[in-house]
Amino acid sequence: MESLTPNTEVRLMVSQCFQTLTTSTHDKDITAVLQTLNSYLDDGPASTTTSAQRDEFQRAHYTRTLHFLVSNVQADWLHSLRAAQNTELWDRLFLCGPPEQALLVLMEGIGALRPSVNLDHLITITEKFLQRGRLADLLWSHCLETAPSDSPQLRETLLGRIVALPDLTANRLRLKNKPLFLPQQYYRLLATEMLTALERTCLALKNGTDCSSIFVAQILGKVCIHGHGDVVLAVVAPQLSACTRSDMVWQRVCWKMLGNVPQRWMESVLTGLVQAVSGPDALGRIIGNLVLTNKKAQFVITHKLLLLQYKYKTQVLRIILGYLAADRERRPLLMQVLRSVSQAWANPSAVKHTPLEQQLYVSKALLLSVSLLSDSELQGLRSELLQCMLGGMQSHLDSNVVQIRRVGMVVGECLSTRMNINGTKLKFEYDHDEETRELLAVMTPVDSSDEPEPGPVKEVDSPQRTQNKSSPFKAEPQSPQNDPDSELDSDDELTPYDMSGDREMNQASPPCYLRDCLETLMSSEDSVRVELSLKVAESLVRKNVFATREISVQLTKVLLHMEDKYNITGFLSLRQATMVALTASDCVPVTQYLTTEFYSLNYSLRQRLDMLEVLALAAQELSKPLAERRDSPVCAADSTDLMTGDNPLHWRQVVDKRIQSKTKRRSKGSTQPSAKAAPNRFAPVAGHFFFPLLRNYDKPQMTFDLLGGDHLVLGRMIHTLGLFMHLAVNAPIAAQMGRALLDFVWAVRYHTDQVVRRGVLFAVCCVFLSMPSQNMLTDLSDQLFETRTWLADVAEGDPDADCRSLAVQSLVLLDKSLKKQLQDPQALGPES
Amino acid sequence: MSHPAPSPIYTLRGAGGPLNTLHFSCLAGDTPLLFSGSGHGVVHIWNLNSRRAERNLEGHSGSSVIWVNTLQSTGALLSQGRDMQVCQWDLREGRSEVVDSVWTGSVGFCQCSLLESSSGSSLLAFAGQQTEEIKIIDLPSKKPVCTLVPDAKVGMVMCIKLWQPDSGPGPLLLAGYEDGSLLLWDVTQRCKLSEVKAHPEPIMCLTFDTKRLRGISASSEKKLSSWILDRQNNLQLQDLSVTLVNPGVSQLCVREDGKLLASAGWDHRVRVFGWKKLRPLAVLQYHSDMVLSVAFSDHQDPRQRLLAAGSKDQRISLWSIYSEGANSS
């Protein structure tokens, strides 16, 4: 026996044990065997085995033993063990051996076993394994490189098992999953275990022991690429940021670890990290100069996060650019970033073809980097920036989208202030909204003292809180001072009368006849009379339709050419309302006039847009049923009725109330009569609105090129046509209109301007809404297929979100209409 | 819902001219009377029970009457006309004759101000012959008391108010001038106590609440400005100010109980405000021309109190507004 090597000895011993376990049924034997096996794991002074034996057992036989135990778990002897013995002997074998082998066996067992008591047993052991911090031991053993030099496959498996543990258990246990295995909890545990391992590493390094952080880095990378980076980094990043604040060893360990993250996982780690850290300084402490040493990291930080992705918050941009600006060695990168960002911002094609959100994001990045660079550095980039500013602003200001124009203005203003071109600054007039405010806020540096130490924070807080508390006390004595005898001094006992009749006095009286009105508007130089005429014009037009018909076109012409010479309040709306009234009351001649003028020479864009608006509003008015005048006698009585005493209730109300209270109702039906059907006044004249506008669109004039530069008008026109189409629903002419509109729209469906595209899609929606479904299949059968493909294409690929949603909507409408028709092919005539 | 604006309870027609000034005399026992001064030089005495003109007094030879008032002690009537005369009328026992008159020499529109003292004598302040000059005389005796002329150039006197403060020996006088400044004079010391620039335009009218030591003035613009007098007799403008819809106010009047302020607007409307906070309460629309005068009646019973407005359209409108008393509101 003495001559036997420890290896053979151990092997013999283990096989004996197995033998006993399979054959024996005696309690004592089994306990003895388990104790023997346990003794190979003890390394205390009381241990009966030599260290060589222990090493050999752990190297070669441990996994085998565990496998054996797991596969024999339902053997009789296990049941005969008492609970205490069970935990002591059986579980101990799993919890005290080399952790990675135990974990692998456990996970394999969980994967292989069907739901049973045995599975439950393994789950409990796994839970204990995690709770006892064995994961940290596992990581630590890899840090020390004491773990057996494993094959890449083994390591890959181990990584996979550790990272995917929640998935594996969830797949096996389904609804009976333990809370500890849920991702939220497990990854938080994993994060703390990683921190423990790193802490031990730091301690070991301080004591002069060599350590490696490769395994932890790999775990981190794998977790991030699996999409759980946010949970892990939410725990890890603040801790690392706090630890690296003063400790150089920690910093070294962090830098080393991030350097060791495999290239393919680097991106997900970095994106997670920039979102998890609290400020640029923290990022700098954790990743060091990683951007300079690691190509992948450089690409991610300086290119991908800034120019290719745009989902991050402004804070992330601040962190990234602040990180680049914080170190002398990284500043050249910041200048490079500024160069590329400014090119991206100024690129006219990007302005047209990228989504608005991305443009905002890039603008923020541009402003941030400009604000971070010093004046001397900006001098170096001056010519490029100037070029970017001029070109970029031009393409932004050319855009039809208000937000893009506004972004152009804000960025232009900020750049010109920052660059200090001969002391001149750009200044635009624009309305501030959330976006511009956010952009402007980007230029003001945030307090760099990010995340102060957790301790001091509370102390800083407390005086503020006491101040807040004391302020109301200070305020209180003041309030009585403001009005010392407010009770005595109030006028509240006197209730005011209705003062709505208190209006400004007019010096002149308004004209009573529409012809006078026209005269004044045409030739008068008296501002008061012009204003009065304009104010009464709409009511005069509506009051006397016959008089209106005589001069409708003339008045329309005058109004169309009228300018706001006297700065009349509400000029535009008054003018528009009058023109709408004219169009509505004398439809055919006025629409004829307006649609012809739309394509003629020497009108400004504004005037052409006005024409479109007037036509659209008039069509809307015509398509609405006439306003009912049922309650007008009541109103009339109301105004003439004298107030008697102080009872404000109208006598009719009182009478009505009495009648209501005396009337018994059998059923609570609707007391209001249902709306009366009225003919759609728009239907007979829809063609007059619609077809003349389609006639001349492709004949460019000197001053007006619809298919060229004037795409704003084109977009509005198509939108208006769509509106006509929508309002002409159920009209006999709708089918013809729909066909014509689809034909027209086909030519401009891939227009570069999103306003036009939106108009086109709106028009298509309207066609599908308004066209009777039976006509759709018969008249448009050849086009429908192509239209569908085009819509699907837009719905997927258009950079503008509105266009995408409109396309989806059109597809839904089309499908609905087609389905209806195909299900009921015999239906004749419109359903409604 | 707020009440619709009220209508006048009755109107008095037949004055035959613009009504520059109104004065109530509704003390208990007597027939309630309303005196009005017209642009054609006639003082009408209206009986408010019969709602008719009782008597017409013509004593200013056709020149516009700009101010009427009664002496409580003797029941005599004072009227001021543009013929530079202030006449004293004896109206007792059906008489209607001028018993006395004072030559003022003023060509302006400044209304006189009367201060009756308990002893039976009273003080009358009026604008003098010089445009900036204010004269004060003792009434039955017609002895001049003093003449007040400001040192600084402030333009013509536009409106004055004479009153006796509770504390302090002598009467004080408030005067509004053409350049918009408001001066406080001590009549016994004959010196200026305080000055404030209340308006950029000439002050058209002012009224002063002697109990609360608070006044308000108006000009040809849209703004009314209110001011207070502190213990040291300093005038101070208050933040509390009112902006009207249409510019121009001819007269302001505070009701006896200090609750209401009424303004006679050039825009044909009478506006009623709460006096304490200057909260707009009502806009009274009836007249078809500028309202020239407003007055609150001096009825003993608060429920009978009326508001009268005289206009250029030759009518007087009478309104019962916020006169329910505290119990019914």
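1. How many of the residues of strand β4 (residues 42-47) of chain B are buried? In this predicted model, 6 of its 6 residues are buried, and the strand is mostly covered. Burial applies to both faces of β4(B): Val42(B), His44(B) and Trp46(B) lie on one side, whereas Val43(B), Ile45(B) and Asn47(B) lie on the other. In a regular strand, side chains alternate between the two faces of the sheet.

2. On one flank, β4(B) pairs with strand β3 (residues 33-38) of chain B in the antiparallel sense, over 5 bridges. Within this pairing, Leu34(B) stands opposite Trp46(B), a residue already listed among the buried positions of β4(B). The hairpin of β3(B) and β4(B) has 3 residues between the strands, and Gly41(B) there takes a positive phi near 85°.

3. A further antiparallel pairing joins β4(B) to strand β5 (residues 52-58) of chain B through 6 bridges. Here Asn47(B) has Arg52(B) of β5(B) as its bridge partner. The two strands form a hairpin with 4 residues between them, and Arg51(B) in the turn has a positive phi of about 60°.

4. Chain B also contains an open sheet of 4 strands, arranged in the order β14-β15-β16-β17 with antiparallel pairing. The edges are taken by β14 (157-163) and β17 (191-197); each has a single partner strand, so one side of each is left without a neighbour in the sheet. From one strand to the next, the twist averages 20°. β14(B) pairs with strand β15 (residues 172-177) of chain B over 6 bridges, in the antiparallel sense, and Val157(B) stands opposite Tyr177(B) in β15(B).

5. Turning to charged pairs, the whole structure holds 33 salt bridges over all chains. Side chains of opposite charge can pair when their charged atoms come close. In chain A, one of these bridges is formed by Asp798(A) and Arg757(A), whose closest N and O atoms are 2.8 Å apart. Asp798(A) lies in the loop between α40 (773-797) and α41 (801-823), while Arg757(A) lies in helix α39 (residues 754-770), so the pair ties together parts that are 41 residues apart in sequence. Asp798(A) is buried, with a relative accessible area of 7%, and Arg757(A) is buried as well, at 8%.

6. Arg549(A) and Asp586(A) form another salt bridge, with the closest N and O atoms 4.0 Å apart. The pair links distant parts of the chain, 37 residues apart: Arg549(A) belongs to helix α30 (residues 545-561), and Asp586(A) to the loop between α31 (571-585) and α32 (587-598). Arg549(A) is partly exposed, with a relative accessible area of 45%, whereas Asp586(A) is buried, with a value of 9%.

7. In chain B, the side chains of Lys142(B) and Asp100(B) meet in a salt bridge with an N to O distance of 3.0 Å. Lys142(B) is in the loop between β12 (134-138) and β13 (144-148), and Asp100(B) is in strand β9 (residues 97-103), so that this pair links distant parts of the chain, 42 residues apart. Lys142(B) is partly exposed, with a relative accessible area of 34%; Asp100(B) is partly exposed too, at 24%.

8. Chain A also has a network of salt bridges, which links Arg575(A), Arg606(A), Asp610(A) and Glu613(A).

Conventions: Residues are numbered from 1 along each chain as its sequence is written. Chains are lettered from A and ligands numbered from 1 in the order in which they are written. This is a predicted model: local features need pLDDT of at least 70, side-chain atom pairs count only at pLDDT 80 or more; totals for chains, interfaces and linings use all residues. Side-chain values use heavy atoms; hydrogens and water are left out. Buried means under 20% relative accessible area, exposed over 50%, partly exposed in between (1.4 Å probe, protein chains only). Two strands pair if DSSP finds at least two bridges between them. Axes are lines fitted to C-alpha atoms, for helices over the stretch in contact, and angles run from 0 to 180 degrees between N-to-C directions.
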